[in-house]
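Let us learn to read a protein model step by step. Have the picture open as we go.

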Amino acid sequence: MRGRTAARPLAEIAAAAGHVFTAKGFRSAGISDVSAALGLSHGALYTYVDSKQALLYLALRHALQPETVDDLLRPVSEPPQEIMALVESWATSQRGFQAFIEAITRPSTRPVAQELGDIIDELYDFIERNRHILALIAACATDLPELAQWYFVQRRRAMLEHLGGYLHQRIGEGQLPPVPDAPTAARFIVETIAWFAMHRHGDPDSAMLDDRTSRQTVHHLLTAAFLPATKTTPEYRKPRL
């Protein structure tokens, strides 16, 4: 008689699911994609999870609370609302936005160069530290309305609005030079940070860019773009044609 195949750790199942969902999104990914990645049969994967929804929950649990995954009962069976409870709990636990919070809630007490630089560094740190989590959530949110509302509207859009409001306020105070549109400028900051802190890792042409240099370059160029021109940060001049 053949011996029974040893059970895989749930963390291994979760990691494979996370890669598949990040690459394909929730709707396009199938149980068979994850089972193929693990070298398991389609039916064997159902001994670990009882649905694709539960598989996503397992992948998110592994990304957000990795130390708790192997304690779950098999097959993992979680109602859809548990996914939202999980990401909400994670978001509430996040720290590291002190400079940003102070800048949008209190009068300025520091040089604007230091204040803006700290905001840029905080956003870069958060995105770089959580890039795998953010990529997984973003990939699946487009297929799950409740998760999309939470991620794109309540979180990302709100953050962009706060950052745009901060720029508008500092421009009105004369601490930053005018820009054509503060909301667009806020998105420029966030998208620049997001590309270097997260998206460049999936770009084969950017493999030569190391983390330290990317972080320093983003900080330097974004602060130079928004701070008043000085002798060391000359005003932009249109090139001659």
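The dialogue below goes from the whole chain to single residues.

Q: Where do I start, and which kinds of element does the protein chain have?
A: Start with the source: this is a predicted model. The protein chain has 11 helices and zero strands. Along the sequence the pattern reads α-α-α-α-α-α-α-α-α-α-α.

Q: What box do the C-alpha atoms fill?
A: Along the principal axes, the box is roughly 80 × 40 × 30 Å.

Q: How many of the residues count as buried?
A: A residue is buried when its relative accessible area is under 20%. Here, 40% of the 241 residues count as buried.

Q: What share of the contacts joins residues 24 or more positions apart?
A: Take the contacts with a separation of 6 or more. Residues 24 or more positions apart account for 67% of them.

Q: Which residues of α4 and α8 meet?
A: From α4 come L56, A59, L60, A63 and L64. From α8 come I133, L136, I137 and C140. Sort this contact by class: nine residues are nonpolar, none polar and none charged.

Q: Which residues of α8 are buried, and what covers them?
A: The buried ones are I133, L134, L136, I137, A139, C140 and A141. Their cover includes α1 (10-28), α4, α5 (81-93), α7 and α9 (145-172).

Q: Now a single residue. Is L123 buried or exposed?
A: First place L123: this residue sits in helix α7 (residues 112-129). Its relative accessibility is 5%, so L123 counts as buried.

Q: What does L123 touch?
A: Leave out residues up to four places away in sequence. L123 then touches F97, M159, L163 and I193. L123 and F100 are 23 residues apart along the chain, and their C-alpha atoms are separated by 8.7 Å.

Q: How do I spot a salt bridge, and how many are there?
A: Look for a side-chain nitrogen of Lys or Arg within 4 Å of a carboxyl oxygen of Asp or Glu. The whole structure has 11 salt bridges. One of them joins E102 and R106, with the closest N and O atoms 3.7 Å apart. E102 is partly exposed, at 27% relative accessibility. Another pairs R110 with D118, at 2.5 Å from N to O. R110 has a relative accessible area of 25%, and D118 has 26%. Both R110 and D118 count as partly exposed.

Q: Which parts does the salt bridge of D125 and R215 tie together?
A: The side chains of D125 and R215 meet at 2.1 Å, N to O. D125 lies in helix α7 and R215 in helix α11 (residues 211-226), so the pair ties together parts 90 residues apart in sequence. D125 is partly exposed at 31%, and R215 is partly exposed at 26%.

Q: Which residues do shared partners join into one network?
A: Salt bridges with shared partners link E115, R170 and E173.

How values were computed: Residues are numbered from 1 along each chain as its sequence is written. This is a predicted model: local features need pLDDT of at least 70, side-chain atom pairs count only at pLDDT 80 or more; totals for chains, interfaces and linings use all residues. Side-chain values use heavy atoms; hydrogens and water are left out. Helices (H or I, at least four residues) and strands (E, at least two) are DSSP runs, numbered from the N terminus. Buried means under 20% relative accessible area, exposed over 50%, partly exposed in between (1.4 Å probe, protein chains only). Contact means heavy atoms within 4.5 Å. Ala, Val, Leu, Ile, Met, Phe, Trp, Tyr, Cys and Pro count as nonpolar, Asp, Glu, Lys and Arg as charged, and the others, Gly among them, as polar.
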